[in-house]
Amino acid sequence: MAKKMKTVGMVLAASALTLSLAACGSNNDSGNNASPSGSAPAASEGGAAGGENVSITFQNIYPDPTTPTAKALKQLVQEYQDAHPNVKIELDTLNTDNQKQKLKTQAASKQIPDITMVNPAAQMKPFVDAGLFAPLNDVLDKNGLKDTYQAGLLDNYSFDGNVYALPDGNNIEVVFYNKELFEQAGISKIPTTFDEMLEDVKALKAKGITPIAIGEKDSWTGSFLFMNILLRTNGGPGFLSDVVSGKKTFEDPAFITAVDKFQDLVQAGAFPDGATSIDATAGSNLFKTGKAAMFILGTWETGAIDSSSVGSKVGAFQFPTVDGKGDLNEYMLAPGTAFAISANSKHIDVAKDFLNFYTLNLPKVQFELKNAVGQPQKVEGDLKAAGYSDLSIDVMNMFQGVKGGDLAFDNTMVPAVAQVHLNSLQNLFVQKVESSQVAKEHQAAYEANK
Amino acid sequence: MNVLKVPGRTIAVFILPALLLYVCIVFIPIIVSFYTGTLEWDGIGDSKFVGLDNFKRMFFDDPVFWPSVKRTLLYAVASMIEIPICLFMAILLNRYVRKANKFVSIYFTPVILSVVILGQLWKTIYNPESMGGMLNGVLVWFGLDSWTHNWLTEPKFAMYSIYIVSLWQYFGYHLLIQFTGVQNIPSEIYEAAQIDGAEGFKADRYITLPMIVPIFKISIVLAFIGSLQAFDLVMVMTAGGPAHATDVISTHMYNSSFLSMQYGYGSAIASFLVVLCLIFTVLINFGLNKLERKYS
């Protein structure tokens, strides 16, 4: 009996393996030869109206069907397919990490989907250098798409004068705060200097409230917060680019002070216990369930906070100045993940036509879906009249005042240096380190990977 | 060898599919990763041949590498120490417990659960008191406040906390293997021994132990190699953090290849891991074969 069971088990296991292999195979296929390739003469490709059946793969990172962005995607793809009955858009929907992984694997064999998504600047550079992406200048020129984007935003996706990807969002980093918890701790006004913020942290802590929510297992969250301080101590944006151009080193006082200030926050107990084992989602839930008073992250969280149980009690303010340095209207900028088109796509013209249609209509659809905050394009319409919350309107107003800022560390530095940075900062959550030591570690990593 | 008088050709036909599969998905990738280990490559663009630079860096310049090797080996040793305990439990279950199968099945439950679920489960157990962690809660309840720790985020404790989860998870697995081994020893032998006056632990010493050695060997090798390759549990619980405090060889390899995008360097680490596994498999087999010969 036992033996029989074992045999059955083996057969099951074997067939499961075979099936999963087959599944991999078909996935790859849909990515690679998205159409019956033999029947695709180059000439008819451009014509979406050409009548010949074409299918393109659209790899995206919107796995949660309840989010407005995913709804917008579905709606626009449907509209495009209705208008072009011969075009089939195959969605390859993955979560962010899996997508990054899959794309890298696909890139290693030079077989990327017709349309895929990448992060800006340093993170997309290897793909551009490898010649995997098609320049999108013509897509931008069509139907005046280029003018819909916020000024300067596309620079983050441009190399040698060509734009290689079109962002799905543009966010800034703000401090969300829970008004009710602030009141409980007797804080009457929002902090505008770092010292005030530190006092508030202590006041909250004394009341047993977690002052700042964070999910530092995903170490970029701590880095993104830290970069705010650096942006201030440096008296403005550009510290990292100064390091790259050799004008400054990580042992610059601006960096060392920033590390010190960051440690002050940690030592004051600003973050939840065991922060380094909390992942980003759980971290944001600390805030969204009213357990933490502040949450310092990108404005992409606005919609989710709005619809959370604390939504009506939440306001937002700008990251305070540090030692009187910095400008409140300078922010950590987070230009979003962006759509890129494979240079080797068999139906590149269809892909471009679709992307043009998609990005052109996205702002309108997002506005209707109450997701106007953090869009890369200018959004038209009266937010108040459309029923947007006060928080959304506040955040939108901050957008109007943006004077400039920096990109996240891992968008500016090569991945190897970024990893050292992320680990080095994560370490500060669990032990106090001499700030000059942190600076040295950064500088050594930078020089080793120059 | 060729007891059944089957022509070599027939044997070849039956072996070939498995062999091909093995060569294609195991052997060739290993060779390839030795090769990519000599490249400076981000995994996407062009690569540059740098000879043994990656290996040199790994052995001499990487502050994370040797500690992660140490943690991995400690992991492996801990999981090997678990096996005799499993064997002891198996013997006890077999002898003193009626319907021992039920117990074995219960002990086996953690094995069938997904590592991600286990990781999340234990994360909440290990959580700091302020986040409702059960372990710390229990300690406080007993008045042992000074014993409470952030088990997963204090560098001193984090790695051991993960070891414990892994040992807990695989306890049932090895218990099952050992239990089956013990059960398969024919009862006539024990009966004969009983007549000769050997009972209980004496019988274990002279009958069970010698006869269980082959099974014991399987468990040891599985435990050892499995923990050398430990990855998923660490990834779920701490992702190697805080600040590399729980990095093992395979997470270091993953982080180097895919996060730092130093694919060549990651391959070098992978090659090291392969060699390490091979060496230890040979050593363990050698040692246990000796043991086996001694007893039989």
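I'll start with helix 13 of chain A, which bends by about 45 degrees at A:Leu362, with a proline, A:Pro363, following within four residues. Keep in mind that this is a predicted model.

The helix covers residues 348–368. At 1.5 Å a residue, its 21 residues should span 30 Å, and the end C-alpha atoms are 30 Å apart, so the two agree. Both A:Leu362 and A:Pro363 are among the buried residues of this helix, and the list also includes A:Lys352, A:Asp353, A:Phe354 and A:Phe357. After helix 13 comes A:Lys370, which has a positive phi, near 60 degrees.

Next, the domains. Chain A is divided into domain 1, 49–168 + 336–368, and domain 2, 171–334 + 394–448. Their C-alpha centres lie 31 Å apart. How many residues are in contact between them? Eight from domain 1 of chain A with nine from domain 2 of chain A. On the domain 1 side, the touching residues are four nonpolar, four polar and no charged.

Last, the cores. The largest nonpolar core has 129 residues, and those touching the most other members are A:Phe176, A:Ile212, A:Leu230, A:Met294, A:Phe295 and A:Met332. The largest share of this core is from chain B: helix 7, residues 155–183, gives 12 residues. Which residues is A:Phe176 in contact with, leaving aside neighbours within four places in sequence? They are A:Phe287, A:Met294, A:Phe295, A:Glu301, A:Ile305, A:Val314 and A:Ala316.

Definitions and conventions. Residues numbered from 1 in each chain as written. Chains lettered and ligands numbered in written order. Predicted model: local features only at pLDDT ≥ 70, side-chain atom pairs only at ≥ 80, totals over all residues. Helix = DSSP H or I, 4+ residues; strand = E, 2+ residues; numbered from the N terminus. Expected span 1.5 Å × (residues − 1). Bend = angle between axes of the 7 residues up to and from the residue. Buried ≥ 20, exposed ≤ 12 C-beta atoms within 10 Å, placed from the backbone. Domains from an automatic or database assignment. Contact = placed C-beta atoms within 7 Å. Nonpolar A, V, L, I, M, F, W, Y, C, P; charged D, E, K, R; others polar. Core = buried A, V, L, I, M, F, W, Y, C linked by C-beta atoms within 7 Å.
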